[in-house]
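Here is my note on the model, as numbered points. Please read it with the structure open.

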Amino acid sequence: AGEGAGAGSVRDAVELLGARRIGHGLRSLEDPSLVTRLAEAGVTLEICPTSNVATGLVPALARHPLPEFLARGVPVSLGSDDPAFFGTTLSDEMARAHADLGVSLAALDAITDTGLAAAFCPVAVRETLKAGLMRERTSLRRAAGLEKIFGKE
């Protein structure tokens, strides 16, 4: 919803179908009240910057609205859409969000956490994945000397 069709498709998915996660959803920005509703209801948008540019939904990566969604409190996760087709990975999307859109490392952590919270999987699987993610974060931060930026976990 909110990719090929406008904001109404996102509103319909949320109001008529009870969607808690929307793939793409960028065009929800056409309706400011909908964006407020998404933020207040905690509806997660799965954002795929590379595919959004490749399909022409966004004219250039530097103009991608990911930072606007974050600023407006809409829960977002990053996705790679179709990695083989668009030639990207989730790691690439995170790097682009940081380098090209100014998304902080702490915000990328929050985006990852949001994605995990919105995942369609059993709670036990989610908890196992979360524990592994926390171990990896701690290890990477320690190895990169980033503990002073993020603090110790």
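1. Start with a definition. The expected span of a helix is 1.5 Å times one less than its number of residues. Helix α8 (residues 123-144) has 22 residues. From first C-alpha to last, α8 reaches 31 Å, close to the 32 Å expected at 1.5 Å a residue.

2. Ground rules. This is a predicted model, in which local features need pLDDT of at least 70, side-chain atom pairs count only at pLDDT 80 or more, and totals for chains, interfaces and linings use all residues. Residues are numbered from 1 along each chain as its sequence is written, and side-chain values use heavy atoms, with hydrogens and water left out.

3. Secondary structure. The protein chain has nine helices and three strands. Helices (H or I, at least four residues) and strands (E, at least two) are DSSP runs, numbered from the N terminus. Along the sequence the pattern is α-β-α-β-α-α-β-α-α-α-α-α. The radius of gyration is 16 Å, close to the 15 Å that the globule rule gives for 153 residues, so the protein chain is as compact as a globular protein of that length. That radius is taken over C-alpha atoms, and the rule is 2.2 Å times the number of residues to the power 0.38.

4. Along the principal axes, the C-alpha atoms fill a box of roughly 45 × 35 × 30 Å. Contact means heavy atoms within 4.5 Å. Of the contacts with a separation of 6 or more, 53% are between residues 24 or more positions apart.

5. Surface and charge. The accessible surface comes to about 8,200 Å², and 58% of that belongs to carbon and sulfur atoms. Areas come from the Shrake-Rupley method with a 1.4 Å probe; for residues, only the protein chains shown count as cover. There are 16 positive and 19 negative side chains. Lys and Arg count as positive, Asp and Glu as negative; His and the chain ends are not counted. The centres of the two sets lie 6 Å apart, with each charge placed at NZ of Lys, CZ of Arg, CG of Asp or CD of Glu.

6. Burial. Buried means under 20% relative accessible area, exposed over 50%, and partly exposed in between (1.4 Å probe, protein chains only). Of the 153 residues, 35% count as buried. In α8 the buried residues are Arg126, Gly132, Arg137, Thr138 and Arg141.

7. Asn52. This residue sits in helix α3 (residues 49-54). Asn52 is buried, at 0% relative accessible area. Beyond four places in sequence, Asn52 touches Glu3, His24, Leu26, Ile47, Leu57, Val58 and His64.

8. Gly23 lies in strand β1 (residues 21-23) and is partly exposed at 33%. Gly23 and Pro65 are 42 residues apart along the chain, with their C-alpha atoms separated by 15 Å. His24 is in the loop between β1 and α2 (32-41). His24 is not a glycine, yet has a positive phi of about 80°. At 9% relative accessibility, His24 is buried.

9. Asp81. The loop between β3 (76-78) and α5 (83-86) holds Asp81. Its phi is positive, about 60°, although Asp81 is not a glycine. Asp81 is partly exposed, at 36%.

10. Ser91. Helix α6 covers residues 90-101. Ser91 and Asp113 are 22 residues apart in sequence and 15 Å apart in space, C-alpha to C-alpha.
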